[in-house]
Amino acid sequence: MTDRMEVSKWQTGLLLTLRFLMGWHLLYEGIFKLINPEWSSVAFLAQSQWVLSGIADWIVSNQGVLNVVDLLNTWGLIAIGLGLILGLFTRTAALAGTCLLVLYYLFNPPFIGLNMSVPLEGNYLIVNKNLIEAIAMLLIAVSPSARLFGLDYLIANKKGK
């Protein structure tokens, strides 16, 4: 038995498509936050009711901390999105994206007994889009998609020559 798993052309294509789409989604979210002067994470954080609600309350009550969180969130989304689209530092970008999405999930999980405000999209129980996207990001991080296409691939091939 071998440790290497062969990846078919279909699997390769789907992994690359997933990487690109996840990158596009996060990049767009970051750019939207950057160009929208009205955007702030305060509304999202104010809804937090689970294990991170104390941290959310602290962030919301400290304008300077809130500004830093908003800045890190915006530029983190942009950097992760660009990394995934370009295939540059792909594994790092995917792991950072996983962490960010897990944080989103933990701040506002769809659990029974938590009084969430009116949902902006869909109705969830335990599993929501943040959890699904975090798992997709983890798949990208552990897959060979970075070594198949993108700037990581070009850099690795240039070093190999």
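Guide: Happy to. A nonpolar core is a set of buried Ala, Val, Leu, Ile, Met, Phe, Trp, Tyr and Cys residues joined through side-chain atoms within 4.5 Å. Please keep in mind that this is a predicted model. The largest such core here has 15 residues, and those with the most contacts inside it are Met 22, Ile 80, Leu 84, Ala 94, Leu 101, Met 137 and Ile 140. Two or more residues each come from α1, α4 (63-86), α5 (90-107) and α6 (129-142). Apart from this core there is a second, separate one of 6 residues, including Leu 45, Leu 52, Ala 56 and Ile 59.

Let's zoom in on Ile 80. Setting aside neighbours within four places in sequence, Ile 80 touches Leu 26, Ala 93, Ala 96, Gly 97, Leu 100 and Met 137.

Now for the setting. The chain has 8 helices and 0 strands, and 35% of its 161 residues count as buried. Among contacts with a separation of 6 or more, 76% join residues 24 or more positions apart. Carbon and sulfur atoms make up 70% of the accessible surface, which comes to about 10500 Å².

Helix α1 (residues 9-35) also holds both Lys 33 and Glu 29, 4 residues apart, about one turn of the helix. These two form a salt bridge, with their closest N and O atoms 3.0 Å apart, and the structure holds 1 salt bridge. Lys 33 counts as buried because its relative accessibility is 12%, while Glu 29, at 27%, counts as partly exposed.

Terms used: Residues numbered from 1 in each chain as written. Predicted model: local features only at pLDDT ≥ 70, side-chain atom pairs only at ≥ 80, totals over all residues. Heavy atoms only, no water. Salt bridge = Lys/Arg side-chain N within 4 Å of Asp/Glu carboxyl O. Buried < 20%, exposed > 50% of the residue type's maximum accessible area, 1.4 Å probe, protein only. Contact = heavy atoms within 4.5 Å. Areas by Shrake-Rupley, 256 points an atom, 1.4 Å probe, with all protein chains shown as cover.
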